[in-house]
Amino acid sequence: MAASRHEEWLAEGLGSGRGGEVLVRPIRREDAEAWMRAMRANHDRMGRWWSLGSDPERVADRIAFEEHLRQWTLRLRRGTGACLALVGPAGLIGELHLWHLRRGGRTCEIGLWLAPDQPREVTRGAAAGLGFVFDRLFDVLDLGRIDAPVAVANPLPRPFLRLGGFAHDATIPQWREVQGELVDYDLFGLTAQRWAAARPGAWRTMGPWQAL
């Protein structure tokens, strides 16, 4: 099936890159086995915040992966979102999710997960991969702001957000549903100006990164 103009705009704009030992690229069907392993390993700490359900085998089986791939492929074809795999030496170790993209729009929302117990250099490479993605979103796709909503009680993504220059802009009571309950969320934001100020330090701490 031919790519839509929206898909071409988004896929070409994001491209693929590398941060240290970690490759950043669109998720592929060949990632299935590594995705299932990483999701199972991450279930206990991530499941609460992503409403994954209680059975790690069921939420990380082949059927779940195929549905995950189908949904993100559809978003990419519409030009509204993208799922970028973080691929270490042993395969997929996490993902970056981009929602609410629109050609000509100025904002998007980002989500991140990383399998636990990664070697230090792999974790650093994943952080550098974030730097690559921020460069593409601001410099190529011409966004003005990236939003990162995080449940108040969720500590997992905060170190990455601090490294990337995100600022806490608001706490919104009972904003989103988690496991059937409305919970408070912190809204972090990264503007093009904030990233320009944070990038040199991020390059020293997380980098280098490069487009491929």
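The model is a predicted one, in which local features need pLDDT of at least 70 and side-chain atom pairs count only at pLDDT 80 or more, while totals for chains, interfaces and linings use all residues. Residues are numbered from 1 along each chain as its sequence is written, and side-chain values use heavy atoms, with hydrogens and water left out.

**First stop: the loops around G105**

G105 belongs to the loop between β4 and β5. Helices (H or I, at least four residues) and strands (E, at least two) are DSSP runs, numbered from the N terminus. With a relative accessibility of 11%, G105 counts as buried; buried means under 20% relative accessible area, exposed over 50%, and partly exposed in between (1.4 Å probe, protein chains only).

H100 counts as exposed, at 54% relative accessibility. Its phi is positive, at about 60°, although H100 is not a glycine. D142, which lies in the loop between α5 and β6, also has a positive phi, of about 65°, and is not a glycine. Most residues other than glycine have a negative phi.

**Second stop: the sheet**

Next, display the strands. An open sheet of 9 strands runs in the order β7-β8-β6-β5-β4-β3-β2-β1-β9, with mixed pairing; two strands pair if DSSP finds at least two bridges between them. At the edges are β7 (167-178) and β9 (209-211), each of which pairs on one side only. On average, neighbouring strands of this sheet are turned by 25° against each other, direction ignored. Axes here are lines fitted to C-alpha atoms, for helices over the stretch in contact, and angles run from 0 to 180 degrees between N-to-C directions.

Helix α5 packs on the sheet and touches β1, β2, β3 (82-88), β4, β5, β6, β8 (181-191) and β9; the direction of α5 makes about 50° with that of β9.

Then select strand β5 (residues 107-114). Because 6 of its 8 residues are buried, β5 is largely enclosed by the rest of the structure. Strand β4 (residues 91-99) is joined to β5 by 6 bridges, and the two run antiparallel; G94 stands opposite L114 in β5. Strand β6 (residues 145-151) is joined to β5 by 3 bridges and runs parallel to it. Here E109 stands opposite D147 in β6.

Colour β5, α5 and β6 together to see a right-handed β-α-β unit. A crossover is right-handed if, with the strands pointing away from the viewer, the path from the first strand over the helix to the second runs clockwise.

Select L98, I110, F134, L137, I146 and F166, which have the most contacts inside the largest nonpolar core, a set of 41 residues. A nonpolar core is a set of buried Ala, Val, Leu, Ile, Met, Phe, Trp, Tyr and Cys residues joined through side-chain atoms within 4.5 Å. Helix α5 (residues 120-140) gives the most to this core, with 10 residues. Centre the view on F166: leaving aside neighbours within four places in sequence, F166 is in contact with I110, F134, I146, A148, L161, F188, G189 and L190. A second, separate core of 19 residues includes I27, A32, A34 and A115.

Move to R158 in helix α6 (residues 158-164). R158 is buried, with a relative accessible area of 16%. Beyond its neighbours within four places in sequence, R158 is in contact with V150, A151, V152, D186 and F188. The side chain of R158 reaches the backbone oxygen of A151 at 2.9 Å, and a polar atom of that side chain lies 3.2 Å from the backbone oxygen of V152.

Finally, select H68 in helix α4 (residues 62-78). H68 counts as buried, at 16% relative accessibility. Not counting residues up to four places away in sequence, H68 touches I27, W35, C83, E95 and H97.

Technical notes:
Contact = heavy atoms within 4.5 Å. Polar contact = N/O pair within 3.5 Å; in protein donor to acceptor, adjacent residues only side chain to side chain.
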